[in-house]
Amino acid sequence: MYNVLLTIFGFALIFAATTLGAALVFFFKKEISNKTNVLFLGFASGIMIAASIWSLIIPSIEGAGDYGSWNFVPAVVGFLLGGLFFVFLDKVAPQLYAGGNNQEDFKSDIKKPVKMFIAMTIHNIPEGLAVGFAFGAAAAYGTQSATLSALGLAVGIAIQNFPEGAAVSLPLQRATGSKSKSFLFGMASGAVEPVAAVIGYFLASSLIKAQPWLLSFAAGAMIFVVAEDLIPEAKTDNNSHLGTWGVMFGFAIMMALDVALG
C-alpha cells in the first residue's frame with residue numbers, strides 16, 4: 001500500500017508542478033507590457049529549445065540502441081514528423097475554427113496560443129510515459145527502493161515542469177488578454193502527464209520501443225513552434241536584444257535543470 005501511495009503521489013506531483021508554474025501569471029497585477037512580453041516569449045523559447053535537446057532528442061538517440069549505428073533514425077524522422085504535424089495543423093485548423101469567416105482574427109489571436117499549448121502538451125506526453133514506465137518497472141520489482149527511485153524521477157520532472165508551466169502561461173497572457181485563460185492553457189498542458197503516466201504504468205513493457213519516436217516527435221513540434229511563432233514575435237520590440245537574452249536565460253536555466261536532474 002505504501003508503494004501504491006508513492007506512485008499516486010508521483011503521478012499527481014508532475015501535474016501539480018506545471019499548474020503551480022502556470023499560476024505565476026496571477027502574480028502580475030497589471031497587464032504585461034510589450035517589453036516584458038518579449039522577454040517572456042524569449043524565455044519560453046529558450047526553455048523549449050533546451051527541453052527539446054536534453055529531455056527529448058538526446059534520450060531519443062540513447063533509447064534507440066537496438067538500431068545500432070542507425071540509432072539516429074527515430075530522432076531524425078520523429079523530429080521532422082513533429083514539424084510536419086504543425087504544417088498540417090496550419091492547413092486544417094482555420095477550417096475547424098468556429099468563427100471561420102474571420103481568418104485574420106484566428107491567425108493573430110488564437111493560432112499562437114493554441115500552437116504553444118499543443119506543442120507543450122505533446123512534449124509532456126513522453127515525460128508522463130517515462131514516469132509511468134519507471135513506476136511500472138518498480139511495481140514489477142516489488143521493492144520499496146525501486147519505487148523511491150521512480151519517485152526521484154518524478155520529482156526531477158516536476159521541478160522541470162514548474163518553469164515550463166510558466167513558459168506557457170506568461171507569454172499567453174498578452175495573446176489571450178486573460179490571466180485565467182492563460183493559466184488554464186498552462187495547467188491543461190500538464191494535465192496530460194498523469195494520464196500518460198497511468199498508461200505508461202500499465203504498458204511499461206510494450207510502449208518502450210515507441211519511446212524514441214515519441215520523444216523526437218515532441219522535440220520537432222516544440223522547435224517548429226519556437227522557430228515559427230515565438231522567436232519572430234520576440235524580435236518585434238525596438239530593443240531586439242531583450243528577446244535574445246530571454247532565450248539565453250531560458251535555455252541556460254532549462255539546460256541546468258535537465259542536466260542536474262538527469
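This is a predicted model: local features need pLDDT of at least 70, side-chain atom pairs count only at pLDDT 80 or more; totals for chains, interfaces and linings use all residues.
Phe183 is buried, at a relative accessible area of 16%. The chain has 262 residues, and buried residues make up 46% of them.

**Helix H6**

- Helix H6 covers residues 179-202, 24 residues in total.
- The N-terminal end of H6 is capped by Ser178, which has a side-chain oxygen 3.3 Å from the backbone nitrogen of Ser180.
- The buried residues of H6 are Ser182, Phe183, Gly186, Ser189, Gly190, Glu193, Pro194, Ala196, Ala197 and Gly200.
- An α-helix has 3.6 residues a turn, so residues three or four places apart point the same way.

**Aromatic contacts**

- Twelve aromatic pairs are found in a search of the whole structure.
- One of these pairs joins Phe26 and Phe183, with ring centres 5.2 Å apart and planes at 55°.
- The Phe26 and Phe183 pair is tilted, because the angle of 55° falls between the limits of 30 and 60 degrees.
- The two residues come from distant parts of the chain, 157 residues apart: Phe26 sits in the loop between helix H1 (2-22) and H2, while Phe183 belongs to helix H6.
- Phe26 is partly exposed at a relative accessible area of 42%, whereas Phe183 is buried at 16%.
- Phe11, Phe135, Tyr201 and Phe202 make up one aromatic cluster.

- Asp66 is located in the loop between helix H2 (34-62) and H3.
- With a relative accessible area of 64%, Asp66 is exposed.
- The side chains of Asp66 and Lys209 make a polar contact at 2.5 Å.
- Along the chain, Asp66 and Lys209 are 143 residues apart, and their C-alpha atoms are separated by 9.2 Å.

- A nonpolar patch on the surface is formed by Tyr67, Trp70, Phe72, Val76, Val77, Leu80, Leu81, Leu84 and Val87, which together have about 830 Å² of accessible area.
- Val87, one of the patch residues, lies in helix H3 (residues 73-96).
- Val87 has 35% relative accessibility and therefore counts as partly exposed; patch residues need over 30%.
- Gly78 is also found in helix H3, but Gly78 is buried, with a relative accessible area of 2%.
- Gly78 and Leu215 are 137 residues apart in sequence, and their C-alpha atoms are 7.7 Å apart in space.

**Helix H7 and Gln211**

- Gln211 is found in helix H7, which runs over residues 211-234.
- Gln211 counts as buried because its relative accessibility is 11%, and the cut-off for buried is under 20%.
- A polar atom of the Gln211 side chain lies 3.4 Å from the backbone oxygen of Pro126.

Key: Residues are numbered from 1 along each chain as its sequence is written. Side-chain values use heavy atoms; hydrogens and water are left out. Patches are made of residues with over 30% relative accessible area and no salt bridge: like charges are joined within 9 Å, nonpolar side chains (Val, Leu, Ile, Met, Phe, Trp, Tyr) within 5 Å. Accessible areas come from the Shrake-Rupley method with a 1.4 Å probe; for residues, only the protein chains shown count as cover. A salt bridge is a side-chain nitrogen of Lys or Arg within 4 Å of a carboxyl oxygen of Asp or Glu. Helices (H or I, at least four residues) and strands (E, at least two) are DSSP runs, numbered from the N terminus. Buried means under 20% relative accessible area, exposed over 50%, partly exposed in between (1.4 Å probe, protein chains only). A polar contact is a pair of N or O atoms within 3.5 Å; within protein, one must be able to donate a hydrogen and the other to accept it, and residues adjacent in sequence count only if both atoms are side-chain atoms. The expected span of a helix is 1.5 Å times one less than its number of residues. Rings of Phe, Tyr and Trp (its six-membered ring) pair if their centres lie within 6.5 Å; planes under 30 degrees apart count as stacked, over 60 as edge-to-face and the rest as tilted.
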